[in-house]
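These are my notebook entries on one protein model. I list what I looked up and what I found.

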Amino acid sequence: VNPDSLGSSILPGNLIYKTYKWTGNTRKIPVELAKGYFWMVSDLKKTNQKPTLSNEKLIPEQDAQEFPTLTGLNTLMDPGTKIDL
């Protein structure tokens, strides 16, 4: 994780510790509630357009999984309509 990124303080479950300035209490809350829904955009500016979240090391080839194919998809609104990507 980029040290300039907020990603270094994100906990599993997309949570972050927030300390309330008036009470001094600390709670785990969703990142979006603590930093806003567009926190990744400002994070990209701070990190020179580098990824904000990543694995600590490369995933071994035997553990890696292929990205699923995107063929044969249907819309949720009309299941008979195919999506052509």
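Which residues form the largest nonpolar core? I found five: Leu-6, Ile-10, Ile-16, Val-31 and Trp-39. I take a nonpolar core as a set of buried Ala, Val, Leu, Ile, Met, Phe, Trp, Tyr and Cys residues joined through side-chain atoms within 4.5 Å. Buried means under 20% relative accessible area, exposed over 50%, and partly exposed in between, with a 1.4 Å probe and protein chains only.

Basis of the entries. The model is predicted, and local features need pLDDT of at least 70, side-chain atom pairs count only at pLDDT 80 or more, and totals for chains, interfaces and linings use all residues. Residues are numbered from 1 along each chain as its sequence is written, and side-chain values use heavy atoms, with hydrogens and water left out.

Entry on Ile-16. Leaving aside residues up to four places away in sequence, Ile-16 touches Leu-6, Ser-9, Leu-11, Arg-27, Lys-28, Ile-29, Pro-30, Val-31, Ala-34 and Lys-35.

Entry on the whole chain. I read two helices and four strands in the protein chain, arranged along the sequence as β-β-α-α-β-β. Helices (H or I, at least four residues) and strands (E, at least two) are DSSP runs, numbered from the N terminus. The protein chain has 85 residues, of which 14% count as buried. Of the contacts between residues at least 6 apart in sequence, 29% join residues at least 24 apart. The chain exposes about 7700 Å², and carbon and sulfur atoms supply 57% of that area. Accessible areas come from the Shrake-Rupley method with a 1.4 Å probe; for residues, only the protein chains shown count as cover.

Entry on β1 and β2. How many bridges join β1 to strand β2? I note five, and the two strands run antiparallel; strands pair if DSSP finds at least two bridges between them. Strand β2 covers residues 26-30, and β1 covers 15-19. The bridge partner of Tyr-17 in β2 is Lys-28, while that of Thr-19 is Thr-26. The hairpin has six residues between the strands, and in it Gly-24 takes a positive phi near 80 degrees.

Entry on Asn-14. I found a positive phi of about 60 degrees here, although Asn-14 is not a glycine. Asn-14 lies in the segment before β1 and is partly exposed, at 33% relative accessibility.

Entry on the surface patch. Leu-33, Tyr-37, Phe-38 and Val-41 form a nonpolar patch with about 530 Å² of accessible area together. Tyr-37 sits in the loop between α1 (31-35) and α2. Tyr-37 counts as exposed because its relative accessible area is 66%.

Entry on Lys-45. I place Lys-45 in helix α2, residues 39-46. Lys-45 is exposed, at 64% relative accessible area.

Entry on Leu-73. Leu-73 belongs to strand β3, residues 73-74, and is partly exposed at 30%. Its C-alpha and that of Ile-83, 10 residues apart along the chain, are separated by 5.4 Å.

How values were computed: Contact = heavy atoms within 4.5 Å. Patch = residues over 30% accessible without salt bridge, like charges linked within 9 Å, V, L, I, M, F, W, Y side chains within 5 Å. Salt bridge = Lys/Arg side-chain N within 4 Å of Asp/Glu carboxyl O.
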